[in-house]
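Q: I have a model open and would like to learn how to read it feature by feature. Where do we start?

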Amino acid sequence: MKKICILNRTCRYSNYYKIINSCEGKYEVVRNIRDADWCIFPYCSCSDSNIEIIEEELKKSLEMKKENCKVIVTGCIFFVKEEKRKFLEKYKIDYLVPMENQVEEICKILDVIPSNSVYNHYQIIGEVKIADGCLNHCAFCRMHYSNRPLKSVPMEEITAQVEDLISKGIKFLRIVGLNTIQYGLDLYGKKMLPVLLQRISKIEGVKGIEVWDCALSDMDDEIANEIYCNDVVIAISMDMQSGSDPLLKRMNVGFDVKKIRKYFTLLKDKIRYTQIVTGFPGETEEDVKNTVRLLQKLQIFYFKISKYENSKDTPSGKMQGLSLSEVMVHNAVYNTMQKLLRANWNMKHNGEHYVGYVSKISLESFCVYCPELGEVKVFQEGQRKLMDKVEVLLENGKYLFVRVVEESTKKTDFPKESSNQLVDFMTNLKDITTDFTMPIPESFALLTSIFNEYGGQNLEEEDFRKAISLFPKVLQDALMTLY
């Protein structure tokens with residue numbers, strides 16, 4: 001049996017598993033390119049730096065492959081301008097496959113029958129892609145400016161895919177797309193996500209639905225109320241990008257702070273992921289202050305800090321970028337605030353946190369052993385990390401956080417979350433919602449160490465003082481004890 005290696009470097013996994021399932025019985029899937037007779041490289045190209053990384057990785061991988069190994073390159077790299085993917089011509093690549101009909105074309109090359117199943121034997125969450133493309137014009141996003149129009153999947157195909165996953169034992173679903181809120185606009189003339197969620201929720205065997213990639217610009221009351229009221233919808237992701245109106249306008253994201261407050265407040269119990277972009281051209285100290293205040297007010301700890309990546313194909317690529325010192329200052333502030341907000345959340349939800357070690361690793365998953373829970377399976381590509389913890393979804397639809405320690409740690413010696421320094425610190429500081437009005441001198445040293453951990457120690461004195469000025473007053477007093 002021939003061997004195939006798929007080095008997945010894209011943000012979506014549905015097609016990845018369709019290809020794997022199509023190869024079942026004819027190819028053996030391996031992890032090492034040195035063992036493979038066929039190698040598939042699905043590549044993402046959301047920024048200029050990504051394209052440079054792709055070229056470097058492709059070069060190294062091709063040096064390791066067997067002489068007779070056939071190579072297929074695919075992914076959204078084909079949405080970027082032709083001159084930027086010219087590097088592909090330097091290397092011996094047997095097949096270049098665009099995103100259009102990707103699975104069918106690759107299966108034709110491999111001489112296998114295409115499978116529509118995204119199921120894999122290790123996962124607990126089934127991913128279902130409902131649409132590709134987006135109609136928005138965000139200044140930093142390459143997808144629109146690379147001619148990637150909205151393309152929704154017919155509702156009948158989606159429900160058939162869900163039923164296939166349920167028949168294989170999957171109970172939880174993750175709905176994905178570049179912008180899931182716009183689902184149906186091209187096919188049905190209106191947003192059909194509420195109807196789709198109602199239909200999927202009624203399929204027997206579906207215990208929970210995550211809705212990923214919700215664009216806040218397209219969120220409306222009908223969709224928000226469906227997410228809020230539908231008990232089967234257990235989680236969503238929705239990016240806020242910034243908490244400052246001038247910067248949101250510059251980003252051209254199509255929403256403002258008022259809309260952030262409205263929907264993040266309504267859906268606070270279901271939003272499990274959002275993104276803050278830092279270092280965007282024109283980002284000022286006042287923008288950072290406004291964002292910090294909003295994160296604090298809404299108690300948002302579950303945000304990813306995404307450093308702005310320049311793409312010359314977008315409007316932001318033509319804007320004047322920030323200096324390195326400005327980017328470092330803003331990063332240090334956001335990372336420190338994230339740590340503090342997370343510590344406060346830990347303090348309030350201490351009973352829902354566990355400690356464990358990785359006990360088993362397979363091709364697409366790993367298991368974490370916790371004394372209280374036993375062995376918990378984590379779907380590797382689908383996992384999300386919040387600081388030093390892994391978020392896992394249990395059979396009852398509940399999310400838990402597991403802090404992973406070394407396997408050599410004895411089961412009886414697992415550290416207790418309640419003894420975590422950060423939790424102790426936030427206990428002393430009372431509640432972060434008090435706007436840091438209580439100076440706690442004995443906690444200053446710990447706050448300083450948090451700030452330093454996230455880049456504060458690398459700042460020049462002038463930049464250090466700039467960063468400090470962006471925090472609430474009592475934290476400024478704490479950090480200024482360094483000078």
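Q: Leaving aside its neighbours within four places in sequence, which residues is Phe264 in contact with?
A: Keep in mind that this is a predicted model. Phe264 touches Leu216, Met238, Met240, Ile271, Thr274, Leu298, Ile300 and Tyr302, once neighbours within four places in sequence are set aside.

Q: What is the general idea behind such a contact list, and which residues have the most contacts inside the largest nonpolar core?
A: In soluble globular proteins, nonpolar side chains tend to be buried together. Here the largest nonpolar core has 70 residues. Met219, Met238 and Phe264 have the most contacts inside it. Helix α12, residues 324-348, gives the most to this core, with six residues.

Q: Which residues of helix α10 are buried?
A: Helix α10 spans residues 257-266. Its buried residues are Val257, Lys259, Ile260, Tyr263 and Phe264. Viewed down the axis of α10, they fall within an arc of 150 degrees, so they line one face of the helix.

Q: Which strand do four bridges join to β10, and do the two run parallel or antiparallel?
A: Strand β9, residues 172-176, is joined to β10 by four bridges, and the two run parallel. Four bridges also join β10 to β11, again in parallel.

Q: What stands opposite Glu210 in these pairings?
A: Arg174 stands opposite Glu210 of β10. In β11, the bridge partner of Glu210 is Ala235.

Q: What handedness does the β-α-β unit of β10, α8 and β11 have?
A: β10, α8 and β11 make a right-handed unit.

Q: Next, the rings. How many aromatic pairs does the count come to?
A: The count comes to four aromatic pairs. One of them is Phe140 with Phe280, an edge-to-face pair at 6.1 Å centre to centre, with 80 degrees between the planes. Phe140 lies in the loop between β7 (131-132) and α4 (142-145), and Phe280 in the loop between β12 and α11, so the pair ties together parts that are 140 residues apart in sequence.

Q: Is Phe280 buried or exposed?
A: Phe280 counts as buried, because its relative accessibility is 0%. Phe280 also pairs with Tyr308: the ring centres are 5.3 Å apart and the planes stand at 75 degrees, so this pair is edge-to-face. Tyr308 sits in the loop between β13 (303-307) and α12, 28 residues from Phe280.

Q: How do ring pairs link Phe140, Phe280 and Tyr308?
A: They join the three into a cluster. Phe140, at 17% relative accessibility, counts as buried. Tyr308 counts as buried at 13%.

Q: One last residue. Is Lys249 buried or exposed?
A: Lys249 has its place in helix α9. At 72% relative accessibility, Lys249 counts as exposed. Sequence separation and spatial distance can be read together here. Lys249 and Cys138 are 111 residues apart along the chain, and their C-alpha atoms are separated by 9.7 Å.

Definitions and conventions
Residues numbered from 1 in each chain as written. Heavy atoms only, no water. Core = buried A, V, L, I, M, F, W, Y, C linked by side-chain atoms within 4.5 Å. Buried < 20%, exposed > 50% of the residue type's maximum accessible area, 1.4 Å probe, protein only. Contact = heavy atoms within 4.5 Å. Arc of directions from axis to C-beta. Pairing = 2+ DSSP bridges. Right-handed = clockwise from strand over helix to strand, strands pointing away. Phe/Tyr/Trp six-rings, centres within 6.5 Å; stacked < 30°, edge-to-face > 60°.
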